[in-house]
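The sequence and the model are shown first.

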Amino acid sequence: MSSSSSDIIFITNLKNILSQLNFYFGLFIFIFGIVGNTLNILILSQRTLRSNSCVIIFLASSTAGIIAILSGLTSRVISGVTVDLSATISWICKLRGFILYTSRAVTFWLIMLAAIDRWLLSCRDAHRRNMSSKSNSFRGIIIITILSILIHSQLFYCLEANLINTPLKCYTKNIECRLMNDLTFAIIVILLPLILILIFGWMTILNTRSTRNRVDPMTIINQPIKISTTKKRSKKTDQRLLIMLFVQVIFLALFTLPLALQKLYATFTLNIPKSTLQMTIEDFIYQIALMCTYFATAMPFYINTLSGGYVFRKAMYTLKNSIIQIVICK
């Protein structure tokens with residue numbers, strides 16, 4: 001068997017494997033993510049938690065995650081059964097891509113905002129601690145959403161359907177657009193937020209260590225039992241939210257960095273001639289890395305369940321009991 005024939009067989013097998021992964025793994029992430037993010041929203045929306053500024057950010061992140069999964073994976077799952085309209089109709093391709101990239105960026109940036117909120121709350125300076133508030137969380141969510149919309153508005157021009165020799169049929173149509181989109185995603189959407197998360201996360205740890213042994217004198221002087229109990233409950237919630245945030249960041253980096261690195265590699269090797277086999281392998285790696293980013297948006301509920309401790313699980317049990325009572329009453 002010639003080398004060319006073996007390459008053709010390998011390419012065909014690789015494409016078949018990718019088609020199966022897109023359908024079955026895509027369907028799994030779709031269900032896994034929609035159910036998980038919906039439960040996350042229902043649990044975090046409870047009165048005992050939604051007064052926390054960080055919870056407001058988690059709620060917005062889960063909402064953006066649902067939008068990203070719906071806009072990104074619906075076409076992939078459908079393509080295993082019928083024709084993917086976003087691959088053939090230009091306006092659907094542009095609208096889907098815009099919603100997907102915008103919501104995914106919002107999801108990741110809000111995790112960064114949560115890290116900043118936890119840092120503010122851990123500061124010894126009272127003015128900075130007061131900046132960790134629900135109103136500032138809402139402002140941050142609005143600003144991040146507007147910035148993401150503005151940054152990704154170029155996709156209405158750059159994306160085009162029915163393309164060939166590209167990882168997806170709905171893809172950026174020329175080199176300039178590809179450079180802009182790849183670098184925007186790799187640097188602004190993934191690498192920059194992760195760097196800022198690491199910086200603010202480290203500063204939060206330092207602040208937490210420096211204040212661990214400090215005692216608020218007001219807790220001792222004024223209404224010691226009532227205030228100390230309230231503060232203890234609030235502090236426990238804040239600690240669990242911090243743990244949930246750090247675990248989310250670890251998994252976020254694990255599942256998004258591969259695509260960021262692939263995007264940078266594709267950008268720097270754009271003008272290098274490549275064989276059909278190499279292009280197929282690179283497209284396969286791209287599709288797997290892309291699928292991992294969807295997994296990153298699907299996992300917050302499951303991470304919170306494992307790392308949220310008593311605080312999150314108590315809220316989950318409260319939700320379950322409320323649903324049971326509603327069913328019984330009906």
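Beyond its neighbours within four places in sequence, K94 is in contact (heavy atoms within 4.5 Å) with L155, F156, Y157, L159 and E160. A polar atom of the K94 side chain lies 2.8 Å from the backbone oxygen of F156. K94 counts as buried because its relative accessibility is 15%, buried meaning under 20% relative accessible area with a 1.4 Å probe and protein chains only.

The model is predicted: local features need pLDDT of at least 70 and side-chain atom pairs pLDDT 80 or more, whereas totals for chains, interfaces and linings use all residues. Residues are numbered from 1 along each chain as its sequence is written, and side-chain values use heavy atoms, without hydrogens and water.

K94 belongs to helix 4, residues 90-122; helices are DSSP runs (H or I) of at least four residues, numbered from the N terminus.

| Feature of the helix 4 and helix 6 pair | Value |
|---|---|
| Axis approach | within 9 Å |
| Crossing angle | roughly 145 degrees |

The axes are lines fitted to C-alpha atoms over the stretch in contact, with angles from 0 to 180 degrees between N-to-C directions. Residues of helix 4 including F98, W109 and D117 meet residues of helix 6, among them S137, I144 and H152.

Key. Helices (H or I, at least four residues) and strands (E, at least two) are DSSP runs, numbered from the N terminus. Buried means under 20% relative accessible area, exposed over 50%, partly exposed in between (1.4 Å probe, protein chains only). A polar contact is a pair of N or O atoms within 3.5 Å; within protein, one must be able to donate a hydrogen and the other to accept it, and residues adjacent in sequence count only if both atoms are side-chain atoms.
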